[in-house]
Amino acid sequence: MIGIVAVSHSARLGEAALELALQMVQGGGARVRVAAGAGSDAEGTPILGTDAVAVAAAIDELATDCDGVLVLMDLGSAVLSAELALELRVSEVPVRLAPAPFVEGLLAAVVSAAAGGSLEVVTQEASAALGAKTGQLGEASVDISAEDGPQNRPDAVVRVVAVKNPLGIHARPAALIAEASGGTDVRLRLLPDGPGASAASLSRMLMLGARQGDEVELSAAGPHAESAVERVATLFDDGFGEGTDTEPATAMIPAPRPDTRRKASTASVPPVPSGSVLRGRGVSAGVGAAPAVLLAAPLQEPDAHDIVPEARRQNAVSAIERATVAVADHLRARSSAADGEARDILDASRLLASDPELLSEASALVRVEGRTAARAVWEAAVAHEQGLVALGGRMAERAADIRDVRDRIIAEILEVDLPGIPEHDRPFVLVASDLSPADTAALGGSRCVALVTEQGGPTSHTAIIARSLGIPAVVGVPGATGIPAGVDVLVDGSRGTVEIDPGDSRVAAARSASNDIPFAGAGVLADGRRIALLANVGGASDAAASAAAGAEGVGLFRTEFCFLDRVEAPSIDEQVEAYRGVLAAFPGRRVVVRTLDAGSDKPLPFANDDSEQNPALGVRGLRIARRSPELLDDQLRALSIAAEAESAVVEVMAPMVATVDEALDFAERARAAGLATVGVMIETPSAALLASEMLEVVDFVSIGTNDLAQYALAADRMLGELGDLNDPWQPAVLRLIGAAGAAGRTWDLPVGVCGEAAADPTLAPVLIGLGVTSLSMSPRALGRVAAALGGVSEAQCLAAAEAVLRSATAAEARAVASEILGL
Ligand code: PEP
Ligand code: MG
């Protein structure tokens, strides 16, 4: 037996059509459910509309004793609700949606189902149901051709109007046109050569498919032609009362306020002409060429004060339904092209997009409170998100997924680009004002071949992540967001250039010049002294790539990169899993794990307080343990468990240490957790000057030249404009490194460098001369640094170090070092 669901905007229409249909089979032999209307208002008056949740429930009910279900719909959003219901239903019987006329189709389907027709047969019967009527009346009588319309009569009144409302001619405008024509035979024709329709025919008008921006010819003849055409034209002109905005999908959705959106597009930036070359700081080597894509602005919270008039609320609900269907479809298409974990994640997001509760809550907010479609989705999602966060643990992690799906639905409703990293199937160069660390990390799974930003310095985390992902990047490029979307761009991350529309031969030449130098797996000076060359990693996949690139071990594992999008602190088990992933890539090798360096430009919601005035000087890095000692102790515990389980030689170090007391406290906690080799980072001038005292309480130090330069020069490392100050060649920074190196020599203990300075092939030998014993960098830099070290002796390194310590400027230091080293 085949069940039938009749979906209608009107409960009365649904019931009446059912009554009519059941009379055909004397009420027996057919299983039919009506899913109609959208509840009732406070006075008990039925609300016209459709409800996908009710449609899904009707399908599920029939599915318990039917072999298949056919769904018939009246018009407009009924179709959307039916489509969405396919996502929401939990039953598995086959379901078909028939493009059949509602009343005739229902009659034919009921008769066919009662006669035992298969789903196929019942569907065909329903779909062919209009045939009888059209045959009876003759197709020509309803097909309005250009020839037989009144426009060709000598007394014809003809007027061309534009469709101005955002949704075009849907059911409501069509009904208004029919009413306004007031019995006069007004004809509509979609220009330039589209179909025609009589204003008396709702369905014909819908079939015009007239959208915003289309032109329609109105014509009528006879005594009242003039006034009838005028009335209809007025309706078009005022957008059928739905507004005439061109941006959002529905008139009641407010346009995004330009002043509250992040500057991410070309709004105020002059377009960059073809053939020009922009310059910035090359922060991740390599060449990438592809069409430019501009990072979409983040969505702003939709205004809660915009109220949708009652008459337009159903349209807003339809906009939500349409958007959720579109988002679910999009995610389904992506998940079928993905595999493994990515597929599971996309499937989970798809289910969230069609979550019946989210949808019905958002719809209720529109119907009852008059919220705009976008605002209603926002509020419904916030409620879900808070519910999940309150559950804590892994459930709280889904909160980020809800926000993602929320943004997708709202972007669809507002017809704006989805914020964040674009989902393109073809390679692209991403152009942005700036990127968050989480955005940059998401580039890993995308087709982004290069990155260009207006902001950001050489040691910003955007730069660091781009390097670790091996994506060529140029930051601090003034005017970059004026690069027109879609134009070919050639990014040279070594030279710091961005060429607009360069031509194929330029791209080929740049690519061949940028090839990486392979790394043989060991750092050795020309006279044979071994210098460990290690990798900086942010997680297991980085570690695997670094091991494959020949890194001798890990000199800096930035553990905070594993948890950038976390709202709640990761559990010990989760941490153990994340750390083991990295340790496993380096069996028997040295892996230096840094405890969470949350704060400043990479805040973690569970660790940082976002109200600080000056986060770079605030509670970041090790200082978090002042407020939340359990965070540090849990991490040390997790690391100790991971170290037990793997054979890597684990060392642990703390970021942002300023005093010897901090170093001592950290060392005691780490040792109490079972970690034997403990160090601290030298990132503050204070730590550099106290390096010797630090080495009395810890086993090694590692110099973070990125922060050391930021704090020594008092220059925000995120500001491209201050890139010249955030330069490890600055003599003050070199002297602080020298102080730490000297302390290491005094105690004969290791002094590493894990800041970006280690990846500079000319600076690397200088660092060795200053007393540094190992260098840790992005794996792509290993070959170049090894080649530079292999060409110089220890004596040259010492001489270069002495010379830079006497230099007064960064330029002078670079010049003398190059000369002595021959690099
Ligand atoms: C540094 O400051 O040099 C460093 C290695 O740490 P991060 O870049 O992660 O702050
Ligand atoms: Mg640092």
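A helix axis here is a line fitted to C-alpha atoms over the stretch in contact, and the angle between two axes runs from 0 to 180 degrees between N-to-C directions. With that in hand, let's work through some exercises on this predicted model.

**Exercise 1. Work out how helix α19 lies against helix α21, and which residues make the contact.**

Step 1. Find the two helices: α19 covers residues 572-583 and α21 covers residues 629-645. Their axes come within 8 Å and cross at roughly 45 degrees.

Step 2. Classify the angle. Angles under 35 degrees count as roughly parallel and 65 to 115 as roughly perpendicular, so α19 is oblique to α21. The crossing of this pair is right-handed.

Step 3. Look at the residues in contact. From α19 come Ile572, Gln575, Val576, Tyr579, Arg580 and Leu583. Among those from α21 are Asp634, Gln635, Arg637, Ala638 and Leu639.

Step 4. Sort the contact by class: 10 residues are nonpolar, two are polar and three are charged.

**Exercise 2. Do likewise for helices α4 and α5.**

Step 1. Helix α4 spans residues 102-114, and helix α5 spans residues 119-127. The axes come within 7 Å, crossing at roughly 150 degrees.

Step 2. Angles over 145 degrees count as roughly antiparallel, and α4 is therefore roughly antiparallel to α5. The crossing of α4 and α5 is right-handed.

Step 3. On the α4 side, the contact uses Gly105, Ala108, Ala109, Ser112 and Ala113. On the α5 side, Val121, Val122, Glu125 and Ala126 take part.

Step 4. The classes are six nonpolar, two polar and one charged.

**Exercise 3. Decide whether Thr595 is buried or exposed, and find its surroundings.**

Step 1. Locate Thr595 in the loop between β19 (590-594) and α20 (624-627).

Step 2. Buried means under 20% relative accessible area. Thr595 has 3% relative accessibility, so Thr595 counts as buried.

Step 3. Leaving aside residues up to four places away in sequence, Thr595 touches Thr559, Glu560, Leu632, Gln635, Leu636, Val652, Met653, Ala654, Pro655 and Phe666.

Definitions and conventions
Residues are numbered from 1 along each chain as its sequence is written. Chains are lettered from A and ligands numbered from 1 in the order in which they are written. This is a predicted model: local features need pLDDT of at least 70, side-chain atom pairs count only at pLDDT 80 or more; totals for chains, interfaces and linings use all residues. Side-chain values use heavy atoms; hydrogens and water are left out. Helices (H or I, at least four residues) and strands (E, at least two) are DSSP runs, numbered from the N terminus. A crossing is left-handed if the near helix is turned anticlockwise from the far one by less than a right angle, and right-handed if clockwise. Contact means heavy atoms within 4.5 Å. Ala, Val, Leu, Ile, Met, Phe, Trp, Tyr, Cys and Pro count as nonpolar, Asp, Glu, Lys and Arg as charged, and the others, Gly among them, as polar. Buried means under 20% relative accessible area, exposed over 50%, partly exposed in between (1.4 Å probe, protein chains only).
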